[in-house]
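Here is a short briefing to read alongside the model. Please have the sequence and the 3D view open as you go through the topics.

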Amino acid sequence: MSKKTYDLLFKLLLIGDSGVGKTCILFRFSDDAFTSTFISTIGIDFKIKTVELRGKKIKLQIWDTAGQERFHTITTSYYRGAMGIMLVYDITNEKSFENIIKWLRNIDEHANEDVERMILGNKCDMTDKRVVSKERGENIAREYGIRFMETSAKANINIEKAFSELAEAILDQTAGKENNDNQERVVVDRKNQEKSPAYSRCCTS
Amino acid sequence: MEVKDFSNEITEDQKNRNKIRCQYCNCLILNSASAHYTDIVFSLPLVHQKRSKSIDDLDTEEFNQYWMIEDMYTFENIGFSNTVGDYKYLICADCEMGPFGYHDLKDKKCYLALKRVKYEN
Ligand SMILES: Nc1nc2c(ncn2[C@@H]2O[C@H](COP(=O)(O)OP(=O)(O)O)[C@@H](O)[C@H]2O)c(=O)[nH]1
Ligand SMILES: [Mg+2]
Ligand SMILES: [Zn+2]
């Protein structure tokens with residue numbers, strides 16, 4: 001039998017229109033002509049990342065859609081077990097921002113009702129092409145009582161921060177209902193803990 | 001097949017003595033004593049593929065020494081590729097180099113080639 005070496009496991013999803021940058025947020029690979037690594041041929045399904053928050057060792061399992069969003073066929077099976085959702089739009093694409101409302105409704109229909117949500121306005125590096133102001137992002141987030149952040153997967157702005165904030169929100173929520181369900185996810189063994197910064201990029205390049 | 005001597009890395013109870021890291025960016029993949037040595041034979045795609053290669057036509061390399069990981073959540077940091085046949089390949093969660101090993105969808109276990117990772121505490 002293997003011992004559990006973590007305290008909590010959070011399943012996170014990325015949702016939003018096609019082209020807003022979800023895959024880039026999860027996946028560092030950029031589709032430049034020179035990449036020829038193995039993964040650029042096959043593509044990524046999900047990642048497991050370990051973060052430490054308030055002394056708890058948390059495993060984040062982060063999933064990308066396999067492009068189902070193009071056909072608006074994201075259904076219950078993709079949402080199953082999700083505890084956090086990153087709802088992404090593109091600040092240079094008005095339509096992707098308007099569709100946030102649609103995605104919120106889709107989440108209401110298919111996801112757990114207590115799923116933590118966070119809105120990301122991605123591509124904030126493209127200042128000259130911006131059509132959605134930061135204020136509009138903040139307003140919609142406030143209206144729905146959701147966290148909000150502008151990010152850039154390309155310039156690596158706020159990506160790590162967004163994931164650790166979402167994880168923290170889920171942690172707050174789980175702490176609130178400790179001792180109820182979730183027994184299975186909870187601690188067994190806290191030895192071997194290592195301080196690894198939240199969502200660190202350990203590459204030196 | 002060339003067999004590199006990994007005896008220093010394997011404890012008496014067949015576990016990994018040291019931490020396992022990405023050989024490219026040093027990202028922590030596994031803590032010590034969290035994988036089990038096994039001498040299974042399996043071919044992994046090469047890390048660098050020619051641009052023209054398709055999924056069914058990848059160049060591979062055979063390995064006969066693997067670390068077996070029972071539960072995928074034992075990993076500190078790891079990426080899973082899309083499914084190819086009965087497998088998903090394991091890549092670095094940070095720099096996305098790999099594959100370092102594979103996940104077998106039938107037995108649900110993960111395997112890392114001893115030669116494709118590095119050992120450093
Ligand atoms: N400038 C800029 N381009 C981005 C950013 N994120 C993604 N992109 C580009 O947007 C396009 C779509 O990204 P992708 O991740 O495939 O979107 P998805 O369909 O939501 O998964 C790609 O050409 C990316 O290079 C970003 O933060 N800034
Ligand atoms: Mg995508
Ligand atoms: Zn790496």
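β1(B) and β11(B) run antiparallel to one another and pair over two bridges; strands (E, at least two residues) and helices (H or I, at least four) are DSSP runs, numbered from the N terminus, and two strands pair if DSSP finds at least two bridges between them. This is a predicted model, in which local features need pLDDT of at least 70 and side-chain atom pairs count only at pLDDT 80 or more, while totals for chains, interfaces and linings use all residues. Residues are numbered from 1 along each chain as its sequence is written, chains are lettered from A and ligands numbered from 1 in the order in which they are written, and side-chain values use heavy atoms, with hydrogens and water left out.

**More on the sheet**

- The pairing of β1(B) and β11(B) belongs to an open sheet of three strands, ordered β2-β1-β11 in chain B, with antiparallel pairing.
- β2 and β11 (118–119) of chain B are the edge strands, each of which pairs on one side only.

- Distant parts of the chain are linked here: B:Cys22 sits in the loop between β1 (20–21) and β2 (28–30) of chain B, and B:Cys92, 70 residues apart from it, in the loop between β8 (87–91) and β9 (101–104).
- Both B:Cys22 and B:Cys92 are buried, a term for under 20% relative accessible area, with exposed meaning over 50% and partly exposed in between (1.4 Å probe, protein chains only).

**Backbone points worth a look**

- As background, most residues other than glycine have a negative phi, and most peptide bonds are trans.
- B:Glu96 has a positive phi, near 65°, and is not a glycine.
- B:Glu96 is found in the loop between β8 and β9 of chain B, and its relative accessible area of 3% makes B:Glu96 buried.
- B:Pro99 also lies in the loop between β8 and β9 of chain B, and the peptide bond that joins B:Gly98 to B:Pro99 is cis, with omega near 5°.
- In chain A, A:Asn156 has a positive phi of about 55°, again without being a glycine.
- The loop between β6 (147–150) and α6 (159–176) of chain A holds A:Asn156, which is partly exposed at a relative accessible area of 35%.

**Chain A as a whole**

- Chain A has six helices and six strands, in the sequence pattern β-α-α-β-β-α-β-α-β-α-β-α.
- Of its 205 residues, 50% count as buried.
- Contacts in chain A (heavy atoms within 4.5 Å) between residues at least 6 apart in sequence join residues at least 24 apart in 76% of cases.
- Strand β4 (residues 84–90) of chain A pairs with β5(A) in the parallel sense over seven bridges, and A:Tyr89 has A:Gly121 in β5(A) as its bridge partner.
- Six of the seven residues of strand β5 (residues 116–122) of chain A are buried, leaving the strand mostly covered.

**Around A:Ser96**

- A:Ser96 is in helix α4 (residues 94–110) of chain A and is buried, at a relative accessible area of 1%.
- A polar atom of the A:Ser96 side chain lies 2.9 Å from the backbone nitrogen of A:Asp90.
- The A:Ser96 side chain also reaches the backbone oxygen of A:Asn93, at 2.8 Å.
- Beyond its neighbours within four places in sequence, A:Ser96 is in contact with A:Asp17, A:Val20, A:Tyr89 and A:Asp90.

Terms used: A polar contact is a pair of N or O atoms within 3.5 Å; within protein, one must be able to donate a hydrogen and the other to accept it, and residues adjacent in sequence count only if both atoms are side-chain atoms.
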